[in-house]
Amino acid sequence: GGSGGGGGGGSPFAPLDAALKDVLSPLMITPLIALRRVRTDGVHVVGSSGGSGGGDSEAIVANIRAASRSVHAMTSTAATQYRLDACHKRCYALYHQLIGYNTALAYVETQLCVGDFPPLLLPLIDASADNHPAEAAEAPTHAAFYAITVPHVGLRGIADLAFSLLGGAMGALKDEFPRTLRHFATLSPIPGYRSWLKSTVGQVDEPLASETDEARRCARYLLEARRGDGSGHAAGVVDGRSATLRFTAPPPPPPPP
């Protein structure tokens, strides 16, 4: 009982929450967290070619399928194989070395495209609606991230997992396709953007002056406020709650003479 005096309505568990964050934060550092590509045969070291996956493949895939229920569920074995194994798709996940590969801290799915980003979400999750060109798997120009998921609510505020995941995935894809892949987009909500926009601009429920204005602010948030780095160029559409970010990477260096 009781209202808990002097706390302004704060949660009675706030001190415990803060204490746990102090304990867990040192464990959520880059050397302990690894980015892996997930396929139905297990996890693969990013940048490796061929070979069988590591870990308990059934447990790994079951974990990803369970996490997918909060975004776009993998409803069958065929759907899972399509989204994890199709040659024009990639699924990346973050794993902690003290936890192992049976529990992903965060994961994202990626569609490789040629010429532009996919106009609809359905082809990304339904093989029967997908008519991607063969070049998408060999020389993609665009990559669309979707189904970005951080399934463990208790880790919120402890580590910036979603942005570590996207940064790692972009780096992995640019390494895999250094000559052709320059354009990236996320089709998922961008965590923290609404709060940042409100603190920076004010009201977020009223439309901004233009889509370009919105895109610039979204780019600033992702490329400066969150990454501390102003490289590249971004353009997209933001509604104050979520965003489609289009990021154009710098052109590759010329080939050596």
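Modeller: One cut-off to begin with: a polar contact is a pair of N or O atoms within 3.5 Å. And keep in mind that this is a predicted model.

Colleague: What makes the pair of Lys 89 and Arg 37 a polar contact?
Modeller: The backbone oxygen of Lys 89 lies 3.5 Å from a polar atom of the Arg 37 side chain. The limit is within 3.5 Å, so the pair counts.

Colleague: Why does Arg 37 have no salt bridge?
Modeller: A salt bridge needs a side-chain nitrogen of Lys or Arg within 4 Å of a carboxyl oxygen of Asp or Glu. For Arg 37, which is buried, the nearest side chain of opposite charge is Glu 176, and that is 4.9 Å away.

Colleague: What makes Arg 90 and Glu 176 a salt bridge?
Modeller: Their closest N and O atoms are 2.6 Å apart, and the rule asks for within 4 Å, so they qualify. This pair links distant parts of the chain, with Arg 90 in strand β3 and Glu 176 in helix α6, 86 residues apart.

Colleague: Why is Arg 90 called buried, and Glu 176 partly exposed?
Modeller: Buried means under 20% relative accessible area. Arg 90 has 4%, so it is buried. Glu 176 has 37%, which falls between 20% and 50%, so it is partly exposed.

Colleague: How do you know that Asp 85 and Arg 39 form a salt bridge?
Modeller: Their N to O distance is 3.7 Å, and the limit is 4 Å, so they pass. Asp 85 lies in helix α3 and Arg 39 in strand β1, so the pair ties together parts that are 46 residues apart in sequence.

Colleague: How about Lys 21 and Asp 17: what puts them in a salt bridge?
Modeller: The closest N and O atoms are 3.6 Å apart. Both residues lie in helix α1, four residues apart, about one turn of the helix. By this rule the count comes to four salt bridges.

Colleague: Why is Phe 13 called exposed?
Modeller: Exposed means over 50%, and Phe 13 has a relative accessible area of 58%, so it counts as exposed. Phe 13 is one of the residues in a nonpolar surface patch with about 780 Å² of accessible area together.

Notes:
Residues numbered from 1 in each chain as written. Predicted model: local features only at pLDDT ≥ 70, side-chain atom pairs only at ≥ 80, totals over all residues. Heavy atoms only, no water. Patch = residues over 30% accessible without salt bridge, like charges linked within 9 Å, V, L, I, M, F, W, Y side chains within 5 Å. Areas by Shrake-Rupley, 256 points an atom, 1.4 Å probe, with all protein chains shown as cover. Buried < 20%, exposed > 50% of the residue type's maximum accessible area, 1.4 Å probe, protein only. Lys, Arg positive; Asp, Glu negative; His and termini not counted. Polar contact = N/O pair within 3.5 Å; in protein donor to acceptor, adjacent residues only side chain to side chain. Helix = DSSP H or I, 4+ residues; strand = E, 2+ residues; numbered from the N terminus.
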